[in-house]
Amino acid sequence: MSATATITQTSPAPADILRVEPLPGRSFGARIILPSYAKDPKDLNDADFDRLYKAVHTYLVVVLPGLADLDPTSQYLLTKRFDPTCEGAYGHSKEFRHEKSVLRNDGSSVIKQPQVQILGQGNADGHEGVEKLTLRHPTHMSFHKTPLSEQEMADGYTRFYRWHIDSALYELAPPVITTLLGIDCPSGERQKIKVDNSDVVFESDVAATAFISGADAFDSLSDELKQFALGTTVVYAPHPYIYISGAKATSDGFTMVSEGLETPLDELPPWEDAKIKRLPLVWTNPVTGRHHLQVHGCCIWKLETPNGVQELDQARQTIHSLMTPQLTHDRVYLHDWQKGDLVIFFNRGVWHSVTGQFGPEGHRLMHQCNIASGVDPVCVK
Ligand SMILES: [Fe+2]
């Protein structure tokens, strides 16, 4: 290698740095342009990774285009780099695939890098060495209490499936970030998202991923509700995805309808009180210092509030009332996928949801990675 080539490779010109372009007209979201030396984002030098780290915590959802060929190991290494405390295991434990878990059909693991999940729709036989692989995009039809009618779906309507934070919410600490790679994402077909008892309809490409900023949600609360939120601890159910497996969700995907259909505690896999997650309702952003209202409304069990403990039904009603005001056009960002998009989102600062449903010929292929953290999020008052 020539001396000139060596200098070019190891000393990028001052302007050749990672660039951040905030999405215009939105309170969060940005596009990232990688420096020329880092065709693979795992190769970012420390200064540029620091720019990316700060961008993810500041803009909450960032998009790196043109990475359809990103290797699963690179995606894993990039994801892991965001959290020095994580030991490297996927964000969910083995109960993720339990026969009764509501997550059991959500994809398959990459064999050589099992922290990376293969998600999507349709046949993917042979992908990443998985001989037989049929992917099923989650839909609201099997999860909501009152799904849309066949006619409504034929007319192009759909729902937010389940607003959530990526986390086991039992024993393991929530991942700091999630990376989501669109490998094969047919785009162009449109959908309309609606919920019961609301005139607001959201339009996007079919199966867009929806995001809401937990910081927007906190900032929009009254002073009284901010104090309530800051003083509240969320207690999650033991093995929450199995606990809720018999119940159905509200039409906005924010929480579950209380009908006594949860799995009885003595029918769950063995659990220990010490492993139940008790997390603050408000998580403080370590970069910006902003407070984020962060809760997985479908998996809650109880709330410990300044005014006393709220049991399941009341806890769900409280969380639902805090979340629903966010369903406005300016608060919901719907990411229309382009082939090669790598979306990195601050899992401790946004809520996200699958949307849409595919027809019989529908096809999509994605890789997702998140890693359980070594420490829980905190509320800094
Ligand atoms: Fe998710």
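**Reading strand pairing**

Colleague: How many bridges join strand E8 to strand E21, and which way do the two run?

Modeller: Six bridges link E8 to E21 (residues 364-370), and the two strands run antiparallel. Strands here are DSSP runs of E, at least two residues long, numbered from the N terminus, and two of them pair if DSSP finds at least two bridges between them. Keep in mind that this is a predicted model: local features need pLDDT of at least 70, side-chain atom pairs count only at pLDDT 80 or more, and totals for chains, interfaces and linings use all residues. Residues are numbered from 1 along each chain as its sequence is written.

Colleague: What stands opposite Thr 179 in E21, and what in E19?

Modeller: In E21 you'll find Cys 369 opposite Thr 179, while in E19 Ile 344 faces Thr 179. E19 (residues 342-346) pairs with E8 over five bridges, in the antiparallel sense.

Colleague: Is E8 (residues 177-184) mostly covered or mostly uncovered?

Modeller: Mostly covered, with seven of its eight residues buried (a residue is buried if 20 or more other C-beta atoms, placed from the backbone, lie within 10 Å of its own).

Colleague: Which strands make up the open sheet around E11, and in what order?

Modeller: The order is E18-E11-E20, three strands with antiparallel pairing. E18 (332-335) and E20 (350-354) are the edge strands with a single partner strand each, so one side of each has no neighbour in the sheet. From one strand to the next, the twist averages 25 degrees (axes are lines fitted to C-alpha atoms, with angles from 0 to 180 degrees between N-to-C directions).

Colleague: Where does Ile 212 find its bridge partner?

Modeller: In E20, at Trp 351. E11 (residues 209-213) and E20 share five bridges, again antiparallel.

Conventions:
Helices (H or I, at least four residues) and strands (E, at least two) are DSSP runs, numbered from the N terminus. A residue is buried if 20 or more other C-beta atoms lie within 10 Å of its own, exposed if 12 or fewer, and partly exposed in between; C-beta atoms are placed from the backbone.
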